[in-house]
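Have the sequence and the 3D view side by side. We will walk through the fold piece by piece.

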Amino acid sequence: MENYDDVLKMVSFEKSFFQNFQQFLEKPRLNSSFKLVFLKSMLHLSGLKNAKFDVKWGRNWIRMKDDKLFVKLEFIAVPYLKFYWDMFFNYRLKQSATKNQYYTCTDCNNRQPITGFIKNISKCSRCKSFNLKHKDLVLVEKIFIDSKGIPIIPPKKIEEVANNLELLKQFIFGMKTQSVTTKSGFAEVLFALNENGFYKKIPNFKSRNKIPKTVLENGLEFDIKIIDVLTKFRIPIENALNYKLTHYLESINNSPRISEKILLNPKRPELKSQEKKQMWEHNPPGLDSCFYCGKSEKSFAIDHVVPFDYVLDTKLFNSVPACNNCNCTKSNKLPDRESHFQDVLERNRKMDLDFYDEKMFEKLYDDCLIEYNGDRDFFIRKKYSELSEM
Ligand SMILES: [Zn+2]
Ligand SMILES: [Zn+2]
């Protein structure tokens, strides 16, 4: 049995942890999501002493010694990167206030804010060109591109991030290539959290861009009691962080279901079989034909007209059968408004749909265009009706 002294120490540690946590949460203004996501990542330390520890990677980044716990930065960087990768590239959620977000004109290099951008309609405020390109200054995003500046598709599983030592190193240390130089995204968040008492304060941490060598070598130092606190209170701590993060992201993004987009494995609902039947019955080109191109095939994907990664939901009014070719090409693009989206609206008018309102669907399309599709191309296919006329 634990002795009385240990119990007292534990209680006082819990108390000070929650004092720090509450102080942190009550800070009125956030200007980025970084600190919250760092703490969410830190929750992976919970259960560390249990035999059924649910983290399958990174054991060797953790060292326990007497009453101290040393955690290499890689261990926290793994979930941290996975969270951001999903939020940036799957869901395209802005992570910091708009000052870091802008479009540049490829003709005259003029910068303008991201708000209200509509492809082919928004013009450069200086030279009136339509050639605007999205730029994002948020540091963490830059490491998710290859040497040519093309985004790397996020890995599905967190283990893949844990195995990508090169990426982790780039992230923790910052990187230099021909085209980009990034400061360490981690340095800034560690610097910002250094006074909050979650880990042992890093001494001589003077520049927000440079993590002291001792931390790079040994990792962050914690009181070992943190494991018990995080294990015991994981759910309320996680809920508080998720609530705060959702609230913050909602204030700067117009995107549905943000509270689920910040989870590592959100649900992917499917159509009920009755709904599938209805979808086929009302498919304009007929049974076993692709909604977009009319081609007949053996197997079909059910395509989310407004991309799944934006709506994060599966509704009949937003579902059409697509051949594999169309489905792959469309991927997570929006379909062209005139050639495809109008057809979906028309099909929906003939269907018996619950909780459906055409204005609402059009607004969803418009919001997705601004918030998600941005400067990306639309999906467009020659239609079955045009094909049959030839
Ligand atoms: Zn311009
Ligand atoms: Zn097709």
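**A walk through the model**

Start at D288, which counts as partly exposed because 15 C-beta neighbours lie inside 10 Å. This is a predicted model, so read each feature as part of a prediction. D288 sits in the loop between α11 (273-281) and β9. Its backbone is worth a look: D288 has a positive phi of about 55°, although it is not a glycine.

Follow the chain on to strand β9. Strand β9 covers residues 301-304, and four bridges join β9 to β10. The two strands run antiparallel. Strands of a sheet pair through backbone hydrogen bonds, either parallel or antiparallel. Which residue of β10 is the bridge partner of D303? The partner is V320.

Now look at the side chains of β10, residues 319-322. In a regular strand the side chains alternate between the two faces of the sheet. Here S319 and P321 point one way, while V320 and A322 point the other way. Are these residues buried or exposed? All are buried.

Next comes helix α13, residues 324-330, where N327 is found. N327 has 18 other C-beta atoms within 10 Å, so N327 is partly exposed. Buried would take 20 or more. N327 touches A301, D303 and A322, leaving aside residues up to four places away in sequence. N327 and H304 are 23 residues apart in sequence, yet their C-alpha atoms are 9.4 Å apart in space.

Beyond helix α13, find S331 in the loop between α13 and α14 (337-349). S331 counts as exposed because it has 12 C-beta neighbours inside 10 Å. The cut-off for exposed is 12 or fewer. The phi of S331 is near 50°, a positive value in a residue other than glycine.

Three strands form an open sheet in the order β1-β2-β8, with antiparallel pairing. The edge strands are β1 (62-65) and β8 (220-223), and each pairs on one side only. From one strand to the next, the twist averages 25°. Strand β2 (residues 68-71) is joined to β8 by four bridges. In that pair, V71 stands opposite L220 of β8.

Now turn to two helices. Two packed helices are described by the angle between their axes and the distance between the axes. Helix α3 covers residues 73-90 and helix α5 covers residues 165-173. Their axes come within 10 Å and cross at roughly 100°. The two helices are therefore roughly perpendicular to each other. Which residues meet there? From α3 come L73, E74, A77, V78 and L81; from α5 come L168, F171 and I172. Seven residues of this contact are nonpolar, none is polar and one is charged.

Stay with helix α5. Its buried residues are L167, L168, F171 and I172. They cover an arc of only 125° around the axis, which puts them on the same side of α5. An α-helix has 3.6 residues a turn, so residues three or four places apart point the same way. The buried residues of α5 pack against α3 and also against α6 (185-193). On the face turned away from the buried side, α5 carries the exposed residues L165 and E166. Just after α5, G174 takes a positive phi of about 85°.

Notes. Residues numbered from 1 in each chain as written. Chains lettered and ligands numbered in written order. Predicted model: local features only at pLDDT ≥ 70, side-chain atom pairs only at ≥ 80, totals over all residues. Pairing = 2+ DSSP bridges. Axes fitted to C-alpha atoms, helices over the stretch in contact; angles between N-to-C directions. Parallel < 35°, antiparallel > 145°, perpendicular 65-115°, else oblique. Contact = placed C-beta atoms within 7 Å. Nonpolar A, V, L, I, M, F, W, Y, C, P; charged D, E, K, R; others polar. Arc of directions from axis to C-beta.
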